[in-house]
Structures are given as C-alpha cells and as structure tokens.
Amino acid sequence: MKKIVATLFTILLISPAEAQDKKVFLNFFTGVASFKTNITHIEGNNFQPTTLYSIAPTGLRLDIELLKNSYVGLQFGVQSFYNDYLRVAGDNYAARVNRSPASARNFGISLKYEINLSKTFKLTPFVGYSISFLNQPANATSQFEIRSKSSSTASVNGMVTDVKRDSLYSSTEFITNKLNNLMVGGELVVDFKNNLGMYFSYAFSYNSQYYAIQYGEYHSTSYPTQKANTSFGKSGHFYHLGLRYRIFNY
C-alpha cells in the first residue's frame, strides 16, 4: 500500500503541466455489507444457509483527479465480519445462535471515472482492491461448547408423558485474519452547492477464500442429530452512503 501511494504522488510531482485545475475530494462514508453463509452438511441436512448483514467499511477516502474525470481513491475504514451464526430448522423444531461480529481495519485503493449525467448528477463506475485485517489471530479456534439448550414436557391429566430436550454446540476456526478483496461497482453522485455532494454506491466484492468456519451439532431427544460446517466469507455485496467535499484544486 505504501509503495502504491508513493508512486501516485510521484506521478503528480513529475507531471506539473498535466496537474492543473484537478480536483481533490474528501469523502465520509458508511454502509452495510451482506454475505451469504455456505453450509457443508455432515449428518442430516437441516442446518440452513443465511444472508448476514454487517457494517461495511466506514471511514474516510481521498479522491485525487489524475486525468480529466479520472480519479484514484485512497481509503481507510473499519468494518465487521460475522464468524458465529448457526441456524438449524426442521419440520417441528428450530434453533439459532450467534455472537457479535469481529471488527476489522480496512485499507483500499480504487480507480474511478466520473460521467456527467447533468450539472447535478454524476455516475462513477470504479474498480478497486481492499485489504481487511480482522481483530482475531489467524488459525485461532474457539472451544467446542454448548451454545443453547431447551426442554419441554407434554402431560395428560397432570401426568408427564413426554420430555423433549435439545441442545446446540459449536466451535469456530479463523482460517485467516487478512482478507484481500477485488471490488467492482459504481456511485451515483448528487452535487450540491459549496463543493458538497452526496452519493450512493454499490460494489461487488470477491475473495477467493473463506475467513472462518464454524462447526455445529444439534442434539435432540426427539429428532435426528444434525452436524454441519458453516463457512463465512468469499463474495459479498457492499452498499454505501457517503458525503464528499471538494477540499481544493491543484
């Protein structure tokens, strides 16, 4: 990342003739990320995949115009990643557990081209790369433990005829604490007066590997045992809302 930033500023310094009346924007952004879990059944087939929503990268970005309407964006933010979410459901039963997502620091770079739709509206497609560092050690594994349990009874004329007990166990392994993502998407920008603008953006994120796997077991006195692995990560979707302000021209 440091080498990329140094190269970009070197280009600016050695090309003064091309660097006139170019814009620099400071962006504040936040949003939501969605990732769908992947289920690998081991015993039974009632563990359910789920689309999980967490905090997308939230922070600051500097957009520097290199050529006319062409920008490079450098960003820093924080985000969160689920690594603990299990849901098992059958015809007459269901159980679910989850803990809070893990936090992460995010750094990114993007190349953008701004298309003027009108004086107010602009469309900005982009491609980029980002790296996220989870606040968890790589290859860390949590203890296999009971996560939830319940019981119920049935009775006739005050006599107990049936007792049902169930429990859900799990452990999580962090495969990695560093995620490398390729991004492609676009921004719809609305420019106001006084150099201020607002935008909505969507990006598709691709990662070649899962960052965590959770092993789960569901035991019941009334239903068959269920066992499965739940994987977190790979491709996801990012939805951002942001403000940008033109801080100066150079």
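Residues are numbered from 1 along each chain as its sequence is written, and side-chain values use heavy atoms, with hydrogens and water left out. As the model is predicted, local features need pLDDT of at least 70 and side-chain atom pairs count only at pLDDT 80 or more, while totals for chains, interfaces and linings use all residues.

Me: How many cavities of 30 Å³ or more does the structure hold?
Reply: A cavity is a set of points, on a 1 Å grid over the protein atoms alone, where a 1.4 Å probe fits but cannot get out. Grid points are joined across faces, edges and corners, and a volume is the space filled by probe spheres set on the points. The count at 30 Å³ or more is four.

Me: Which element gives the largest share of the lining of the largest cavity?
Reply: Lining residues have an atom within 4 Å of a point. The largest cavity holds about 300 Å³ and has 25 lining residues, with R61, Q75, F126, M183 and H240 nearest its centre. Strands are DSSP runs (E, at least two residues), numbered from the N terminus. Six lining residues, the largest share, come from β10.

Me: How many charged residues are in the lining of the second largest cavity?
Reply: This cavity has about 70 Å³ of space. Its lining has 13 residues, and F35, L52, Y82, Y211 and F232 are the closest to its centre. Asp, Glu, Lys and Arg count as charged; Ala, Val, Leu, Ile, Met, Phe, Trp, Tyr, Cys and Pro as nonpolar; the others, Gly among them, as polar. The lining has seven nonpolar residues, five polar and, charged, one.

Me: Which side chain of opposite charge is nearest to K164?
Reply: K164 lies in strand β12 and is buried (under 20% relative accessible area, 1.4 Å probe, protein chains only). Its contacts (heavy atoms within 4.5 Å) beyond four places in sequence include N92, S150 and Y223. K164 has no salt bridge (a side-chain nitrogen of Lys or Arg within 4 Å of a carboxyl oxygen of Asp or Glu). Lys and Arg count as positive, Asp and Glu as negative, with His and the chain ends not counted; at 4.3 Å, the nearest is D166.

Me: Where does N194 lie, and is N194 buried or exposed?
Reply: N194 is not a glycine, yet has a positive phi of about 60 degrees. N194 sits in the loop between β13 and β14. Its relative accessible area is 66%. Over 50% counts as exposed, and N194 is exposed.

How values were computed
On a 1 Å grid over the protein atoms alone, a cavity is a set of points where a 1.4 Å probe fits but cannot get out, and a pocket is an open set with protein on both sides within 12 Å along at least five of seven lines; lining residues have an atom within 4 Å of a point. Helices (H or I, at least four residues) and strands (E, at least two) are DSSP runs, numbered from the N terminus.
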